[in-house]
Amino acid sequence: MEEFRRTYSRLCKESGAEPQETVLQQMHQLPQGRLDLATQSLTVDTCRALGKLLQKEALLTELVLSDCMLSEEGAVLLLQGLCVNTIVRFLDLKGNNLRASGAEALAKLLRQNKSIQSLTLEWNSLGTWEEAFAAFCGALAANGALRQLDLRNNQISHKGAEELALALKSNTSLQQLDFPPDLRWNHIGLLGGRALVNCLPSNRTLWKLELAGNSIPGDILRAVEQAMDHNQDRQTAFRESQARAHVLSKEVRHLREEKSKQFLDLMETIDRQREEMVRSSKASAARVGQLQEALNERHSIINALKAKLQMAEAALALSEQKAQDLGELLATTEQEQRSLAQRQAKEHRLEQQEAAERESKLRRDLSAANEKNLLLQNQVDELERKVKSQQDQLFLTRQELTNTAAELKMRAVQAEERLELEKKRSRQSLEDAEHLRFKEVEHMTRHLEESERAMQERVQRLEAVRLSLEEELSRAKAAALSERSQAEEELIKAKNQVRLEEQQRLAHLEEKLRLLAQARDEAQSACLQQKQVVADAQARASQLGRQVEGLTRRLEELQQELSNKDQEKAAEVTRVRLELQEQNGRLQAELTAQEALKEKAAALERQLKVIASDHREALLDRESENASLREKLRLKQAEIARIRDEEAQRASFLQNAVLAYVQGSPLRTLSPQK
């Protein structure tokens, strides 16, 4: 704040004036973000320096200049500086007697400044010059940042009020406009009040408008209060709908995120399984290549042995004993090979049984998924039926509202007919009274009193009917609200059911994935066991490599068996891949079905919102019709009172005429004096 004081004194010296000590003292005591110069008489030079300072100052948010006796030039300089400012939120110009140039400077401020939210202009003379105040109102209509405006004691006439009403029609940000009860110099009057009342239906943001003390009739004040109450109710309903929409959007976003996470997890697990299958196939291919290389080496060894055997044919006689030993070894190896073949056949049968069991499990899972899809379809149909029933109920409530409005209109027509009949009767009685004498005048007065009593009773009856109709309208509103709350509860229950079913389905899918992973692990263990068996067979074949012909035949048979097993493994791997692809397709179909359900729920919510808005508009229309009916009743009552007054005047005239006739008759002259 010391920098603020220094810049102010520097600007004053540059303009050739000394800074005011009172202003410097106020700046020294300046709280954070607030400059209070109330009751300080500011000179033009001080206003010029403050205007230049406010163009660059970024710390002040509240500026109080009440009762500063600002001149027209000083006020214009200050407001020009504020036109560029984007930090000040609250501006107080109370009691500065701002006039035409001040109103024009305020209009320029409202057009250029988009940060001021509260503007206090109490005890000024803005309404004295109509053209300047019209410019101010035009700027107010274009401003979208102002929230609170105080125009107390500004000598605003009914024309100024009409300009202000035109501004309020297009302004959608102003919420509070204050004309307090102690008003002395505003002259809004009946015309200005009517203009303000006519502008209120198009302005739905203004929720406070005080008009007491402006010579405005009570019915206009009541109409203004009703409009303000409607705006407050509309704003509260709009805030509630916004909060509900925000909560629903959060829930939908959360559900989408959860579904996307679950889908990504499933895709990751499927990719991992694919990678593992690819790795296992690569490892098996590499192992088969190694086995092929080993077999080629064995073939080369066998060829070498053949050469050695051709060279050792001469020494066969010496090796007969060795041949017998080798025959025994061959018999034992044949027995071992047979046992190995039996074991391999058993393992192959077991693998076939396991594959059949897997197929049966997958079929059972398919049937369960189909049943769940049928259940979901049934639930969707039930939800659609409920929505249709709610729409029918809303249609019935609308019909009831139309019936009540028609009954109100019929009763109003009947009341008008009764009033016309009463008028005719009273006219007939007056015509009869003109032809009768003094005795008939007394009878006419009694008849008039009885007719007045009857009219009062009928008016009371009409009031009772009106009260009963208002009670029926309130009951209909309460019933509509209760039906809406029930519909919202049913929607919440349906959402919870869908969430539970989705959680159960996800658990079931995770169980399926776990079973598939177990099956894959079992297949890998079986492959490892088979590889170990092949390695053992190759080791034994290397030990028996000297026996050429039998070993070669056996090796060819083993190669054929290995090729068959590899083919079976490849077929099994392709089958598992196909099953995984089918499961992925099913999961994607389920995800699409879930998205369709979500879209249906969103459509239902939108329909409910549209129905609620239509219902609110219908209620507002009914309220406006009730207000018009009340106005008609009030006018009829005024007509009845006027007719009573006319009849009383006519009766008094007749009575005076009869008395004058009696007093001026010849019978009175012949009668003796008392």
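Predicted model: local features only at pLDDT ≥ 70, side-chain atom pairs only at ≥ 80, totals over all residues.
Numbering runs from 1 along each chain as its sequence is written, and side-chain values use heavy atoms, with hydrogens and water left out.

Back to the helices. H8 covers residues 189-199, H9 covers 218-311, and they pack at about 20° with axes 10 Å apart. Those axes are lines fitted to C-alpha atoms over the stretch in contact, with angles from 0 to 180 degrees between N-to-C directions. Helices here are DSSP runs of H or I, at least four residues, and strands are E runs of at least two.

Who touches whom? On the H8 side we have Leu 190, Gly 193, Arg 194 and Val 197, and they meet Ile 220, Ala 223 and Val 224 in H9; contact means heavy atoms within 4.5 Å. That contact splits into 5 nonpolar, 1 polar and 1 charged residue, with Gly counted as polar and Arg as charged.

Trp 123 isn't a glycine, yet has a positive phi of about 55°. Look for Trp 123 in the loop between strand E4 (118-120) and helix H6 (130-142). Gln 155, also not a glycine, has a positive phi of about 55°, and sits in the loop between strand E5 (148-150) and helix H7 (158-170).

Buried or exposed? Trp 123 is partly exposed at 33% relative accessibility, and Gln 155 is partly exposed at 31%. The cut-offs: buried is under 20% relative accessible area, exposed over 50%, partly exposed in between, using a 1.4 Å probe and protein chains only.
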